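Here's a quick briefing on the charged pairs in this one. Have a look at the structure first, then read on.

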Amino acid sequence: MPTQAESVDTIITTILSRLSDALTAPKPTYTVNDQNFEWNEYVDMLFRSLDKARELRSKLEGPVSKMTIMRAI
């Protein structure tokens, strides 16, 4: 069973794939049965989802601490 971090990594990969498709082959805005499909809103939603997934991934990694080691010369 994948860890939470691995699951979020899979989500990020999926979003990046969909963004790649959306940006290389944009589609027009259209209406079907009185329902509007806005391509720009779809791309914006993907970017927002990517930001949230990356934020979650960062939280799952925990705090980052840096250690400096000093050496006497």
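Glu61 is exposed, with a relative accessible area of 52%. In this predicted model, Glu61 pairs up with Arg57 in a salt bridge whose closest N and O atoms are 3.6 Å apart.

**The background**
- Side chains of opposite charge can pair when their charged atoms come close.

**Glu61 and Arg57**
- Both residues sit in helix α2, with four residues' spacing between Glu61 and Arg57, or about one turn of the helix.
- Is Arg57 buried or exposed? Arg57 counts as buried, at 19% relative accessibility, because the cut-off for buried is under 20%.
- Glu61, by contrast, counts as exposed because its 52% is over the 50% cut-off.

**Arg57 and Asp9**
- Arg57 also makes a salt bridge with Asp9, and here the closest N and O atoms are 2.7 Å apart.
- Asp9 is partly exposed, and its relative accessible area is 31%.

**A linked trio**
- Which residues are linked in a network of salt bridges? They're Asp9, Arg57 and Glu61.
- Arg57 has a salt bridge to Asp9 and another to Glu61.

**What else Arg57 touches**
- Leaving aside residues up to four places away in sequence, Arg57 is in contact with Ala5, Val8, Asp9 and Ile12.
- Asp9 is on that contact list and is also a salt-bridge partner of Arg57.

**Glu55 and Lys59**
- Glu55 and Lys59 make a salt bridge too, with their side chains meeting at 3.5 Å, N to O.
- How far apart are Glu55 and Lys59 in helix α2? They're four residues apart, so about one helical turn separates them.
- Glu55 is partly exposed, with 46% relative accessible area, while Lys59 counts as exposed at 58% relative accessibility.

How values were computed
Residues are numbered from 1 along each chain as its sequence is written. This is a predicted model: local features need pLDDT of at least 70, side-chain atom pairs count only at pLDDT 80 or more; totals for chains, interfaces and linings use all residues. Side-chain values use heavy atoms; hydrogens and water are left out. A salt bridge is a side-chain nitrogen of Lys or Arg within 4 Å of a carboxyl oxygen of Asp or Glu. Buried means under 20% relative accessible area, exposed over 50%, partly exposed in between (1.4 Å probe, protein chains only). Helices (H or I, at least four residues) and strands (E, at least two) are DSSP runs, numbered from the N terminus. Contact means heavy atoms within 4.5 Å.
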